[in-house]
Structure formats: structure tokens, C-alpha cells
Protein chains: 2
Amino acid sequence: MDFSSKLLENAVNEVSRLPGIGKQTALRLVLHLLKQPSENTKYLSEALLHLRNDVKTCEKCFNISDLILCDICSNPKRISEIVCVVEDIRDVMAIESTSQFNGLYHVLGGKISPIEGIGPQNLQIESLVQKVAKGEIRELIFALSSTMEGDTTNFYIYKQIEKFEIETSTIARGISVGDELAYADEVTLGRSILNRIPFSQSLKV
Amino acid sequence: MDFSSKLLENAVNEVSRLPGIGKQTALRLVLHLLKQPSENTKYLSEALLHLRNDVKTCEKCFNISDLILCDICSNPKRISEIVCVVEDIRDVMAIESTSQFNGLYHVLGGKISPIEGIGPQNLQIESLVQKVAKGEIRELIFALSSTMEGDTTNFYIYKQIEKFEIETSTIARGISVGDELAYADEVTLGRSILNRIPFSQSLKV
């Protein structure tokens with residue numbers, strides 16, 4: 001790309017370092033900012049800087065938070081003994097949007113992945129085991145994605161907490177609500193048959 | 001979306017104001033920045049702010065520039081009498097990357113579009129007519145996109161400069177190099193037959 005301006009080149013380079021954004025898209029975004037009032041660029045820059053510099057991690061569940069304890073952990077109406085283990089804060093947002101869960105979360109910050117060099121020590125696993133050891137948790141719900149890394153992480157955590165007497169569960173895998181059986185992959189369909197539930201139970205939701 | 005942090009929500013909202021970026025993509029980008037060193041966010045914000053506040057428009061061709069005159073206009077090796085009329089600075093970059101043009105540009109800043117409320121007075125048309133009237137231009141090459149708005153703009157400019165004795169041309173429309181004829185749209189194919197060139201001329205490129 002031939003840039004007529006170093007400032008433009010620099011801005012395009014910085015924007016194109018974001019994941020999934022190539023040079024052409026970066027150029028389109030940057031030229032859009034140039035056509036908008038300069039306040040828009042100011043607000044965008046400030047919002048990113050404020051977030052990066054001032055955001056905190058909840059010291060209990062490791063969710064992103066503005067305070068030391070996040071809104072969920074500090075909510076007295078939530079059942080603190082039921083904890084849902086998730087990979088990422090996006091998973092917290094996804095589960096929260098269902099309004100079906102009234103316990104707390106524990107955000108691992110990723111999955112065990114030897115290929116990417118992520119081991120148990122890089123994740124919030126030790127802190128989870130501590131919570132279990134202290135008797136703070138009655139039920140642990142595993143809600144990691146069902147990939148090889150997710151299963152490995154589930155199993156690793158399970159092995160660490162096996163000796164403590166707590167309930168463990170994992171979220172149900174099956175055919176999405178509204179999906180046609182004919183188009184489902186066989187692994188999912190197989191699991192949904194193996195893990196079938198009483199019909200009367202399905203009427204409750 | 002349920003955000004656990006106002007700072008996060010604010011950053012996602014600002015990023016999702018960019019064209020083609022929805023809330024989910026904005027969240028992905030913002031969370032990526034949080035995982036990176038904070039310098040990266042600083043560099044990004046500063047690059048955008050510097051660009052927005054300090055970038056100039058070349059006073060001759062209206063291209064984006066760091067100086068009053070852009071690199072192209074201030075290059076004595078370029079033929080200043082041949083001017084290529086383009087819509088946007090991206091078109092300048094596209095033509096420059098071909099290394100096939102050695103004249104100057106004139107960036108209109110858009111196309112005449114009554115639907116979007118863009119009239120001739122919103123574009124750099126008057127300044128182009130002035131250049132022609134002063135006798136600065138020998139040949140004008142129209143290189144706008146071949147849409148209704150592009151054709152309208154071409155025609156509007158043509159009517160304004162008709163009375164001056166200069167050459168006018170338009171870039172060739174035809175089948176892309178390497179494309180199969182069977183998949184070309186009929187308008188393009190039709191034009192490429194009407195505007196055929198001597199075979200000997202095609203050997204020169």
C-alpha cells in the first residue's frame with residue numbers, strides 16, 4: 001500500500017494489528033474516522049485507554065469489573081455455593097443473558113493448550129481448587145467449550161478436586177432448540193440420545 | 001448484552017460505532033486489547049488521535065497529506081498537466097500501486113448523490129473547474145466508479161469544463177485480466193467489445 005501520509009500509515013498499521021482486521025479494512029475504518037467529527041475519535045481513544053488502564057479483575061471470580069468485587073459476586077441474592085466454571089468473560093455474558101443461572105462464576109482465563117503454551121499455571125485453576133478446599137463450593141458446573149482443550153481442562157480440574165466431597169456437573173450437550181435432526185452432526189446427536197432426560201422434565205422449561 | 005463493567009461497555013459501544021463492526025466483533029477486539037500489553041492500546045489510541053488532529057489535506061489535489069502539498073503534487077518528475085479525477089484517497093492509492101500513471105490527481109471527496117444529500121457544492125468540483133479555467137490542465141482522466149452516481153458526477157464535471165479546450169478521457173472498462181468471459185456480466189462484456197483496441201496495442205503492456 002502506498003500511503004500519502006505517515007500519520008495515515010501509522011494509524012492503519014495500528015488498527016490492522018487487531019485480530020481479523022486486515023490493511024484494507026483498517027484503511028476503511030480510519031478514513032471513516034476522518035470523515036466524522038474529531039470528537040468521535042477522541043471518545044473512541046479515551047474509551048479504549050480508560051478501559052485498558054482502569055479496568056479491574058474481580059478478585060473472587062476473575063470476571064472483568066470496575067470494582068474489586070464484580071456485581072455478580074457482590075450480589076447477596078445469588079447462591080454463592082454453586083459455581084459455574086467458564087473459560088472467558090464472554091461466556092459469563094452469554095450465560096447471564098439466559099437468566100437461568102443464579103450462582104456465581106469462576107473465570108479461568110482460557111483453556112489448557114500445550115500448542116499455545118498455556119498450562120494450568122497460566123489459568124485460574126489453583127484459586128478454584130483453593131475455593132473448593134475451603135468448603136466454599138457445594139456444586140461446580142463445568143461450562144467450557146467441548147473441544148479437546150476444553151475437555152482436557154475439565155479433566156485436569158476434576159482430578160484436582162475429586163478428593164473433596166462436592167457435586168460436579170457439566171452443561172447439557174445436544175441438538176440446539178429449533179434445529180433439525182437431519183442436519184445435526186453425529187457426535188452431538190449421539191450425545192443427545194445418550195443423555196436423554198425424562199419427558200416430564202422437558203415440560204418444565 | 002450484559003456487561004459486568006461500565007468501562008468495558010463504553011469501549012464496546014465506541015468501537016461498534018465504526019462501520020461494519022457489530023457489538024460482538026467490538027467485544028472481541030476490546031477483549032483482545034485487554035490481553036495485550038497496555039502499550040498496544042496506547043499506541044493505537046495515539047495513532048488515531050494524531051491522525052485525526054494533525055493530518056492535512058493537500059491544497060492542490062485534496063489528497064490526505066502530512067504537509068500542505070502532498071508527495072505526488074510536490075514531485076517535479078510528475079506531469080502536472082495530466083490530472084486524474086478520483087472519488088476518494090483510496091482510489092489514489094489503488095492507481096499509485098499500479099505504477100502506470102505519472103500525472104497528478106484531483107480528489108473530489110465523494111460522488112454527487114441526491115439520496116445521501118451530497119451535491120456538487122459538497123465536493124471539490126469548483127476547484128477542479130478553476131484549475132481547468134486557469135489552463136493548468138491538458139488532459140483530464142475520469143476515474144470514478146461506474147455507478148449511477150459516478151456517471152452523474154462525470155457528466156456534471158464534463159458539462160462545466162466542456163467550453164475549455166482540453167482532452168478528456170475515462171479509464172477503460174472491460175473484463176478483468178485473468179477473468180473468464182462466461183462469468184462476466186453482460187454490461188461489462190458489452191462495453192469491452194464496443195471499446196475494443198487494436199491487438200498490436202495490447203501487446204505493449
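1. Strands are paired here if DSSP finds at least two bridges between them. By that criterion, strand S3 (residues 79-86) of chain A and S5(A) pair in the parallel sense over 4 bridges, and A:Val83 has A:Leu140 as its bridge partner in S5(A). Helices (H or I, at least four residues) and strands (E, at least two) are DSSP runs, numbered from the N terminus.

2. On provenance and numbering: this is a predicted model, in which local features need pLDDT of at least 70 and side-chain atom pairs count only at pLDDT 80 or more, while totals for chains, interfaces and linings use all residues. Residues are numbered from 1 along each chain as its sequence is written, and chains are lettered from A and ligands numbered from 1 in the order in which they are written.

3. The sheet of chain A. S3 and S5 belong to an open sheet of 4 strands with the order S4-S3-S5-S6 (chain A) and parallel pairing. Strand S4 (103-107) and strand S6 (167-170) of chain A are at the edges with a single partner strand each, so one side of each has no neighbour in the sheet. On average, neighbouring strands of this sheet are turned by 25° against each other, direction ignored; axes are lines fitted to C-alpha atoms, for helices over the stretch in contact, and angles run from 0 to 180 degrees between N-to-C directions. Strand S5 (residues 139-142) of chain A is also joined to S6(A) by 4 bridges, the two running parallel. A:Phe142 has A:Thr170 as its bridge partner in S6(A).

4. Overall build of chain A. The chain has 8 helices and 6 strands, in the order α-α-α-β-β-β-α-β-α-β-α-β-α-α from the N terminus on. Its radius of gyration, taken over C-alpha atoms, is 22 Å, well over the 17 Å that the globule rule gives for 205 residues, so chain A is more spread out than a compact globule. The globule rule is 2.2 Å times the number of residues to the power 0.38. Along the principal axes, the C-alpha atoms of chain A fill a box of roughly 65 × 45 × 35 Å.

5. Domains. Chain A is divided into domain 1 (6-54) and domain 2 (77-171), with bounds from an automatic or database domain assignment. The centres of the two domains of chain A, taken over C-alpha atoms, are 35 Å apart.

6. Relation of the copies. Chain A superposes on chain B by a rotation of 180° with 0.1 Å of shift along its axis (RMSD 0.1 Å). The two copies are thus related as by a two-fold rotation axis. The C-alpha of A:Ser45 is the one in chain A nearest the axis, 2.3 Å from it. The superposition is by least squares on the C-alpha atoms of residues with pLDDT of at least 70 in both copies.

7. Interface. Counting a contact when C-beta atoms, placed from the backbone, lie within 7 Å, 48 residues of chain A are in contact with 48 residues of chain B. Among the elements of chain A that each supply at least two residues to this side are helix H1 (6-15), helix H2 (23-35) and strand S2 (64-65). H3(A) gives the most, with 14 residues. The copies meet through the same surface, because 100% of the interface residues of chain A are also interface residues in chain B.

8. Burial. In chain A, 27% of the 205 residues count as buried (20 or more other C-beta atoms, placed from the backbone, within 10 Å of the residue's own; exposed is 12 or fewer, partly exposed in between). B:Glu136, in the loop between helix H5 (126-133) and strand S5 (139-142) of chain B, is partly exposed, with 14 other C-beta atoms within 10 Å.

How values were computed:
Contact = placed C-beta atoms within 7 Å.
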